[in-house]
Amino acid sequence: MKQSQIAIATTAEEIRRCHAVMQELRTQFTDPEKFVERVQRQQRDGYLLAFLEAEGEVRAVAGYRFLESLFSGKFLYVDDLVTAARDRSLGFGGQLLDWLIEQAREHGCENLELDSGVQRFDAHRFYLIKRMNISSYHFRISTKRRN
């Protein structure tokens with residue numbers, strides 16, 4: 001496996017460097033500048049953007065936050081977790097998820113949680129290999145007014 005390091009994107013340039021990888025998961029972010037703006041806005045509410053870099057390139061990205069609820073106690077919630085398609089099965093996603101689990105432990109969290117789209121079978125296989133459990137269904141309703 002290639003030598004890698006994980007860091008938190010804090011500057012606009014670091015966030016911009018994460019854009020191409022994140023766009024593979026969040027395809028609606030075609031404009032890197034709008035992506036930077038959104039991440040910076042979310043950072044004001046506690047969102048963190050971690051990236052795994054190897055050989056000078058961003059290989060995997062994770063957006064996460066620390067939350068607390070009656071149901072889960074204190075937990076680390078992963079909003080986004082993606083490895084560049086060209087780098088899948090090279091261990092980068094596993095390294096980043098292991099790092100996130102360690103962050104949860106270091107911050108006194110009881111759990112690490114994430115949602116994954118029902119169509120993402122490869123991601124589900126990865127999460128199960130990493131010993132994660134399927135613990136609930138996630139339901140959604142649009143609140144946009146229909147004309």
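**Exercise 1.** Find which residue of β3 stands opposite leucine 49, and describe how β2 and β3 are joined.

*Solution.* Leucine 49 faces glycine 63 in β3. The model is predicted: local features need pLDDT of at least 70, side-chain atom pairs count only at pLDDT 80 or more, and totals for chains, interfaces and linings use all residues. Residues are numbered from 1 along each chain as its sequence is written, and side-chain values use heavy atoms, with hydrogens and water left out.

Next, take the strands, which are DSSP runs of E with at least two residues, numbered from the N terminus. Strand β2 covers residues 48–54 and strand β3 residues 57–69; they run antiparallel and 7 bridges join them. Two strands pair if DSSP finds at least two bridges between them.

Last, look at the turn. The β2–β3 hairpin has 2 residues between its strands, and glutamate 55 there has a positive phi of about 50°.

**Exercise 2.** Identify the bridge partner of alanine 62 in β4.

*Solution.* The partner is leucine 81. Strand β4 (residues 73–83) runs antiparallel to β3, with 10 bridges joining the two. This hairpin has 3 residues between its strands.

**Exercise 3.** Decide whether threonine 83 is buried or exposed, then list its contacts.

*Solution.* Threonine 83 lies in β4. Its relative accessible area is 11%. Buried means under 20%, exposed over 50%, and partly exposed in between (1.4 Å probe, protein chains only), so threonine 83 is buried.

Leaving aside neighbours within four places in sequence, threonine 83 is in contact (heavy atoms within 4.5 Å) with Val21, Glu24, Arg59, Ala60, Arg88, Phe92 and Gly93. The threonine 83 side chain reaches the backbone nitrogen of glycine 93 at 3.5 Å.

Note on methods. Helices (H or I, at least four residues) and strands (E, at least two) are DSSP runs, numbered from the N terminus. A polar contact is a pair of N or O atoms within 3.5 Å; within protein, one must be able to donate a hydrogen and the other to accept it, and residues adjacent in sequence count only if both atoms are side-chain atoms.
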